[in-house]
Amino acid sequence: MAQVHGWLFRIAFVCLACLSAAPQASAATPLDVILNEENASKKIITAPTIDDLSFLRRLSVDMIGRIPTLDEIKEYEAWPAAERRGMLVDKLLKADGFADRWTVFMADLLRIRTNSDGGAAEMAFVHKSVKEGMPYDVLCQQLITAVGKAGKIPEVGFVLNDNADPMALAGTAAQVFMGVRIACAQCHDHPFDVWTREQFYGMAAYFGKTQRREIDFTKSVYAIETDGTRVKWPPEGLAPEAERKAMIPAFPFDLKLDAAAPQQEVRLVALRKAQADELARIESGKSASLDELLTAASTKVQSNNFGKTEQFDVAGEAKKAARDLKVDKDLYNQSQLRSELARYITHPRNRYFSRAFVNRVWADLMGRGIVEPIDDFSDNNPPSHDKTLNYLADEFVAGGYDLRNIIKLVVMSDAYQRGHLYEVELQQRKASEEAFAANPVRRMLAETMFDSVVAAGHLFAQKHAAGDNLKTIKEIVQVPVDLEGKPAAGSILTQLQGQGTGAAMGAAMGGGAMAAATGGGGSYDLESAIEVDFNAVLAMAKKDEPKVEQMMVSEEDQSARMLAEEQGRRKKYIDQVVERQIDDNPVFASAMRMASPAPPAHFLRVFGQPARDQLGDHRDHSPSMRQALMMLNGKMTHEASRVGKLEPIYPLLVGKKADLDAAVKLAYREILTREPSGDELADAKSVIAEAATPVDGMADLRWVLFNSHEFRFVP
Amino acid sequence: MSHGCRGYQMNRRSMLGTSLAAGSFLGLNLQSLVARAGTDRKATAEHVILFWNSGGMSHIDTFDPKPGRPTQGDFNPIDTSVSGVQISELFPKVAKQMHHVALMRSIAGVNGDHGRGTYQLQTSYNTFPNLRHPGLGNIAANELEQIGDLPSFVSISGQGTRAGYLGQKNEAFYVGVPGEKDPYLAFPEGIAQLRGNKRLEALQKMNSRFVSDAPSVEFTATETATKDAVQLMRSPALKAFELDNETEVNRDRYGRTAFGRGCMVARRLVEEGVRFVQVNRGGFDTHYNAFPAMQAHGETMDPAMASLIEDLADSGKLDSTLIIMLSEFGRTPKINKDAGRDHHAGVFTVFMAGGGIKGGTVVGSSDEDGYKPKDRPVQVADIHASVCYALGIDPNKEVLTPLQRPLKLVDNGKPVMELFS
């Protein structure tokens, strides 16, 4: 199309498209009906629905955290056109990658740090809960109420994350679980909101008896419940110490528990009763408390069929769910105060709880929350689409607080499946995006981008034949020496020689040790990291050991410890140059399972993974020079681009069956999930022709595709 | 702490609605453009080298000795090139440069905890929910024009302060191991210059085709980042990161340690125009056996710092380069049962040199045992205000956060004017 008229043409195209958009996808879902109602008076342009391959790419990125592989593209294309989107949604909801990808979401929400006390175990626990479909309210109850040893009781990671400080926990519980920023009210009545300092203290009082306890000798950390409270009223300094009284815990919202149950609660109760009945029938003779049932229940309830609202088969679904049940009889000592708080927070009548969560899910999938910032619900910051938000929240409650349920609701909507309006004038475009009538620019998450490069570059497994990449490298390592100056046994040196590569240092990290990406083999490897083995972490937590260790330690033990530390400090190190031959046939692990957050200069952090140490510290997706350097020159992009003999593309480049057109098409499908245009094919072939060999040329082409805008921005 | 919130109240409502549409997630940081203009007072310094000593460095064992007191510890004071000013014997070479140095011995800290102390000493602010304040390096990068090809803010041997609401573009450029080649600054191993350049051309073509179909401002920012990266990769200024040309004599003078190499790189970066260099070093949390640890710190720091000051002075660059050493707090005057010192925020010392400060100045003093400020207490934010003052940045300039909350660059600090002539 001619340059001058291009823009006008596109506008015309878009408008035509919006007239004809509706029939392309499924009929409007109830969600769309409500959203469209709320948009009725707005002057917006509705973007056309994206094509099938774009949908495959977008959905894969959002659901399993990477772009689709060649096989996945083929499978999808073989499905009947009218059904393939729905089939894909169902398939990806069940995929292993789903739990990994949405654990990242949960870890951001809960600010899980694998190197904090009990953080790795908490992460593994949350991963398991996502995988098994533990209802979100149950998960939250467990996190809020847990007591015990870090790593041993995975859930205590949540309380320990804030050092079990009542004030910090009050702010966290309100903001993380309810999207309400009351932390400001710690020091003064909230200036523009309704929160008073007294309300904040009332909230904090639920955590008043909670304490972090570290056992000096073993360095084990516990979250414990004490008898006295640390939260007193009036605040320190406002009254003589003697007049400060234990603050009475008070939940800041009136949940109207005396009124008749709202619809979503009625549906939830019916659902759970059906589940409980079913379980009781299966386990007849045994008595199980409702809590146990709920804890173990895996609800996969479908409250909604897309295109039409209908009766949902609670009993049938519950039967199905109950068959998967394994009741974990391990009940932990729980804090009475925190149990009460957990009940309030997760109560079906607490719309703050359900709205805060569905808003975050929506924001993750749509590129923007109905409330922004996603954790700042307040009268001064009303939702852009109140009814849509309420609909999602109520469906979330009625469907048993099931993550998959709410994701399905969103991704099957027309709203999710809309394209971009890049061509449209900025102000108009923004208006459309804010109305969710067009998809905003959305870069892949750091972890997703990482895994997508690794997947499309065939780096999850070795792609070069053994011995193809032999090279000799020199390294300076620090070696501890014994008294005679000889390297001590078990030193870094011996480890290196024994294992070949530093990446093998993986293993489980119960206590939560985290290897800096800058340690080990090279000072500048900012792309690899230690993987957390979720199963091993949880297995370690299951091991038998005394529930509470001896708190008092004998004098002898103390002095033995100090002696050991003393010797540790006196240890001498020498630098040694190690030369070794390696077969550089790299394999990358999924970023979803790396110890996280990664060290600050790591690929994931540079691309926006949050530090997870502060409230409201959300992902920053803005570009930076460091990101560019990572992608242009990093080892991962480089290795992903290089062609290995074991890759399917190799025979298309070398030998009798070489077929350059087919090779280029394959590269486009693998990296961009689409066919190249005629111009692109020609360009690609000239890139390859200019290189020394077709194999080098393909590496050049793939490097270009990995670095392109189209790769990193979600279609 | 209440001031920030009240400002928020007045401004947020009036500004919500008009603004967010255009910028926040594009990385354009339009908000900072709205901020009030700074002062046009002439700067006394163009560059800063910040030594960040993590763990809490003892003031008594370094720059605020207490001879003859029970809190003295193992080290004796020594005379310096400034008559009447003594420092610890750990720093014999630095002592000879004292005429370039100023000490503030009456910093009245409040946070005796690593997390909170670090946060305040790095940002001037106390931790606050839902806010990440920028550090001095990020402020310098945001407020001052970049000189030359190198990034404005470079952090050596560890992470620089976070940019917070000043955005990704003001994050520190990271140098992991000073003197070691950074592989991210050149095409990957095995990709020759010619081939790498061809790749870039092909990439440019591909992206311009994409952008012509999708003419959207968001992609411009990504392209700018790539252009900056390529410009940096091609810049002769990159030599500043390398130590190959440093003489053996120089390597010995600075000391053959990571810190010595860090100081050499810092000097080279400043000479190349870098605005702010942060050199990180840990190991100051000396709860046990403090004195051997401090002895080792002295052996590492003294030659490097003294050589740095000397070389910058010789090249004339010291006048425009402010050197400052910060740590999250001092350490207890009382020596504990493990022959260590514990956290002590009540008073500690800040070391500065060059950058237009009056050499040989000592501001304030601590009491006879080093527990509290005796006179002229200096608040933590005053340190940051002083650095801003030296750089010609108005510490009270307000910047809007992404939530449209106006915040001063520095938390109400006042420049310590005794430092400046």
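## Strand β4 of chain B and its partners

Strand β4 (residues 101-108) of chain B runs antiparallel to strand β11 (residues 348-354) of chain B, and 5 bridges join them; strands are DSSP runs of E of at least two residues, helices are runs of H or I of at least four, and both are numbered from the N terminus. Two strands count as paired if DSSP finds at least two bridges between them. In β11(B), B:Phe351 stands opposite B:Leu103. The model is predicted: local features need pLDDT of at least 70 and side-chain atom pairs count only at pLDDT 80 or more, while totals for chains, interfaces and linings use all residues. Residues are numbered from 1 along each chain as its sequence is written, and chains are lettered from A and ligands numbered from 1 in the order in which they are written.

β4(B) also pairs in the parallel sense with strand β12 (residues 362-363) of chain B, over 2 bridges, where B:Val362 is the bridge partner of B:Leu103. A parallel pairing over 2 bridges links β4(B) to strand β15 (residues 378-379) of chain B, with B:Ile107 bridged to B:Val378. Of the 8 residues of β4(B), 7 are buried (20 or more other C-beta atoms within 10 Å of a residue's own, C-beta atoms being placed from the backbone; exposed means 12 or fewer, partly exposed in between).

## Helices α3 and α5 of chain A

The axes of α3 (residues 52-64) and α5 (residues 84-94) of chain A come within 10 Å and cross at roughly 15°. Axes are lines fitted to C-alpha atoms, for helices over the stretch in contact, and angles run from 0 to 180 degrees between N-to-C directions. The two helices α3(A) and α5(A) are therefore roughly parallel (angles under 35 degrees).

## Contact between chains A and B

Chain B gives 54 residues to the contact and chain A gives 50; residues are in contact if their C-beta atoms, placed from the backbone, lie within 7 Å. On the side of chain B that touches chain A, α7(B) supplies the largest share, 10 residues.

## Asn469 of chain A

A:Asn469 lies in the loop between α20 (446-456) and β6 (470-481) of chain A. A:Asn469 is partly exposed, because 16 other C-beta atoms lie within 10 Å. Leaving out residues up to four places away in sequence, A:Asn469 touches A:His464, A:Asp583, A:Asp584 and A:Asn585. The C-alpha atoms of A:Asn469 and A:Pro586 are separated by 9.6 Å, with the two residues 117 residues apart along the chain.

How values were computed. Contact = placed C-beta atoms within 7 Å. Parallel < 35°, antiparallel > 145°, perpendicular 65-115°, else oblique.
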